[in-house]
Amino acid sequence: MAKEKEDDSLKNVDDEKLRLRQEELDISKNRVQVGEVELSKEIIEEQKIVDVPVTHEEVVIERRAINNEASDSPITDEEAIHIPISEEQVQVGKHTVVTGEIEVHKREVEDTKHIEETLKREEAHVNKEGNARIIDEEEDGEFH
C-alpha cells in the first residue's frame, strides 16, 4: 500500500498534454492528356517517264526492170493491190497496289519523377527555470 501512495504522490493534478504533429506527403496521380498524334495520308503526284518500244510497218517498194516481155492482158486501171499497214499504239492505264502499311499502337512507359517538398514537424523544447526537476520518459531522449 505504501508503494501505491508513493505513485499517487508523483502524479500531478495539473497534468497537461502537448501534442506534437508533423506533415506527411500525400501522393496521388492523375492521368491528363499531354498531346495527340495524328496519322494521316498525303497524296504526292510525280511525273513518270517510261520508254516503251513500239513497232510499225512500212511499205517497201522495189522496182525491177523486166526486159519488155509480152503480155496478153490489156491496159486498164482496174487492177490494184491493197496492203494494210499497222503500228503498235501505247495505251496507258493505272491501277492501285498496296506498297506498305503502318501499324500504330500505344504503350505504357514507366518513369520515376523526383518530387521534392518541404515538410514541417513540431518538436518539444523544454525550458526550465530555477531548480525544476525533469524526468524524461522518452526512450531516445528527444521529444518528437
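Buried residues are those under 20% relative accessible area, exposed residues those over 50%, and partly exposed residues those in between, with a 1.4 Å probe and protein chains only.

**Figure 1. Overview of the predicted protein chain.** In this predicted model, local features need pLDDT of at least 70 and side-chain atom pairs pLDDT 80 or more, while totals for chains, interfaces and linings use all residues. Residues are numbered from 1 along each chain as its sequence is written, and side-chain values use heavy atoms, without hydrogens or water. Of the 144 residues in the protein chain, 1% are buried. One helix and zero strands are present (DSSP runs numbered from the N terminus: helices, H or I, at least four residues; strands, E, at least two). Where residues at least 6 apart in sequence are in contact (heavy atoms within 4.5 Å), 82% of these contacts join residues at least 24 apart. The chain exposes about 18100 Å², of which carbon and sulfur atoms supply 46% (Shrake-Rupley method, 1.4 Å probe; for residues, only the protein chains shown count as cover).

**Figure 2. Nonpolar surface patch that includes Val-54.** Together with Val-50, Val-52, Val-90 and Val-92, Val-54 forms a patch with about 470 Å² of accessible area. Nonpolar side chains (Val, Leu, Ile, Met, Phe, Trp, Tyr) are joined within 5 Å and like charges within 9 Å, for residues with over 30% relative accessible area and no salt bridge (side-chain nitrogen of Lys or Arg within 4 Å of a carboxyl oxygen of Asp or Glu). Val-54 belongs to the segment after α1 (2–10) and is partly exposed, at 44% relative accessible area.

**Figure 3. Backbone of Asn-68.** Asn-68, a residue other than glycine, has a positive phi near 45°. Asn-68 is placed in the segment after α1 and counts as exposed, with 79% relative accessibility.
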